Amino acid sequence: MLPPTVQTMFRRLLTPNRRDRYKRTRAANVAAWVLVILIVMLTTTLAAQDLEQSLGRSVFVDGQGRDGRAVIGRVAGGTVPMRGGAVACANCHGSSGAGGSEGWVEAPDIRWFALSKPYGARRAGGAARPPYDRAQFARMLRTGKAVDGIELDPAMPRFDLADDEVDALVDYLTLLNDGPQRNDVRPALVLLMPETPTLASQRLLTGLQTCPLVATDGASVPRTLPALRVVRYRDPDQINALLSDMARDGSAAALFAPYLVGAEDAFARAGAGGRLPVLLPMAMGDLGNTSQVLFALPGLRAQAQALIAPPLSATGQRLAITIDPAMLGAEALLAHLRVVAEGMGWLVQAYNDSNAALAGAPDAMLAIAAPGNPPASLPAGFRLWVPAMHLQPAMLQAWAQAGAEVRIALPYPPTADGDRRWIPPADAWVAAGCELMSRLPPLPAHREGIDTWRAALSTQPPMQLGEWLHLPAQATDSEAAGRVFLSRWPPGGP
């Protein structure tokens, strides 16, 4: 048992006096208030984060900004306004933000880690795109220009987002970083376009990306169009590498209406038909002999063949064919045309230029090479025949004024439905392309289904656009020549 003095000391230590109790109570109250303040601050912060994430999600999923306003975006290069759900990011980039073949184009991965990674992303053809920060991302959303100044596809809206809405969207894209990775790209129809667009190529691209969805055959169900992916080439010599990459990674089900005016030779050298199906190519010349070019409008060979088949007898008449020997396939084309012309009774002679051809005193000249300037006078009844790829109005007018009977060949009827105005090439390809897209089999969801999808292409029936255009999937030279439109120059002549 402890001595009394020791017991008293312990009682005092274990039983605080009034002053000690006051001090301890005051410390407990202060601690409690500090804890309450910390909880309020944390709750407020979390609520603010939730609010920002909610705003970011609203912009991404629903196209709604602060206070529920409908976000406005302008598509077609910033010329066509749309709003709300029509311009929601998830429409094209998917609910995960990982992108894919949604809507009109092959949409990229826009999760924040993909946009901001140090080495940027790779564009088609291997060029690197620098990484984005928040300010550059905001500029891209509003102006449609990538971080390196490249103009984005016209299908990408130009948004009217405020700074806080952009910040909220970035926060939401950051949340999507842990979503599923996009390991497999859904095959798309690839639009091969020049990196520096021409007026015709831009018109073609815009037209194909804004095809009307309402069925033209009277059906009540709108047409569903396949995904389009735009791939651009800096120069024709780059086409071979681009085709190799797309054939290897399975991202292209087929090339659709590739813009090849001026790039026909490089495209033929690349052997596109041995790698990818080519549908409705926009070209003024032939693309080489391949069964993989489908739904093609009549090419140079068919146009030339149609020109040398006049309704009157050609027996004993002299035909000069001017052709550039450096043109890809020139020798084979000349041999084919010689056989066809001689079978019709023509006496055929080939030349490298029009001056040499005229020295041979021909009755007619087929200009596979540009005809050049006419002489001061021509023999009476002289005929000049020119395929579409050499249609230079000023030059043709000069030949007509010199006395030549000029006849031209076009791959499609230049007028329709009684309208005397000529249809520009890009408009003709857009009309045919929009109709063809609506008739194609549904694109496969994975690259493993490409072979089956491509096999189904060969069974497609001919495409008929009213009384204007008949376009079979494949056609022999004679069949294609029968679809060439022949006209006198100037247009509207007999």
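Mentor: Happy to, and a word on the ground rules comes first. This is a predicted model, in which local features need pLDDT of at least 70, side-chain atom pairs count only at pLDDT 80 or more, and totals for chains, interfaces and linings use all residues. Residues are numbered from 1 along each chain as its sequence is written, and side-chain values use heavy atoms, with hydrogens and water left out.

Trainee: How are the rings of Trp112 and Phe137 arranged?

Mentor: Rings of Phe, Tyr and Trp (its six-membered ring) pair if their centres lie within 6.5 Å; planes under 30 degrees apart count as stacked, over 60 as edge-to-face and the rest as tilted. Here the centres are 5.4 Å apart and the planes stand at 80 degrees, so the pair of Trp112 and Phe137 is edge-to-face.

Trainee: Which parts of the chain does that pair link?

Mentor: Helices (H or I, at least four residues) and strands (E, at least two) are DSSP runs, numbered from the N terminus. The two residues are 25 residues apart and the pair links distant parts of the chain: Trp112 lies in helix H4 (residues 112–116) and Phe137 in helix H5 (residues 134–143).

Trainee: Is Tyr132 buried or exposed?

Mentor: Buried means under 20% relative accessible area, exposed over 50%, and partly exposed in between (1.4 Å probe, protein chains only). Phe137, at 3% relative accessibility, counts as buried. Tyr132 has 7% relative accessibility, so this residue counts as buried.

Trainee: How is H5 oriented relative to helix H6 (residues 163–175)?

Mentor: Axes are lines fitted to C-alpha atoms, for helices over the stretch in contact, and angles run from 0 to 180 degrees between N-to-C directions. The axes of H5 and H6 come within 10 Å and cross at roughly 110 degrees. Angles under 35 degrees count as roughly parallel, over 145 as roughly antiparallel, 65 to 115 as roughly perpendicular and the rest as oblique. That makes H5 roughly perpendicular to H6.

Trainee: Which residues of H6 meet H5?

Mentor: Contact means heavy atoms within 4.5 Å. From H5, the residues are Arg134, Phe137, Ala138, Leu141 and Arg142, and they meet Asp163, Val166, Asp167, Leu169, Val170, Asp171 and Leu173 of H6.

Trainee: How is helix H10 (residues 300–307) oriented relative to helix H11 (residues 330–343)?

Mentor: H10 and H11 pack with axes 10 Å apart, at an angle of about 25 degrees. That makes H10 and H11 roughly parallel.

Trainee: Which residues of H11 make the contact with H10?

Mentor: H10 contributes Leu300, Arg301, Ala304 and Gln305. On the H11 side, the contact is made by Leu333, His336, Leu337 and Val340.

Trainee: Is Ala380 buried or exposed?

Mentor: Ala380 sits in the loop between strand E15 (364–367) and strand E16 (383–387). With a relative accessible area of 82%, Ala380 is exposed.

Trainee: Which residues does Gly360 touch?

Mentor: Gly360 is in the loop between helix H12 (354–359) and E15, and is partly exposed at 33% relative accessible area. Not counting residues up to four places away in sequence, Gly360 touches Arg318 and Tyr351.
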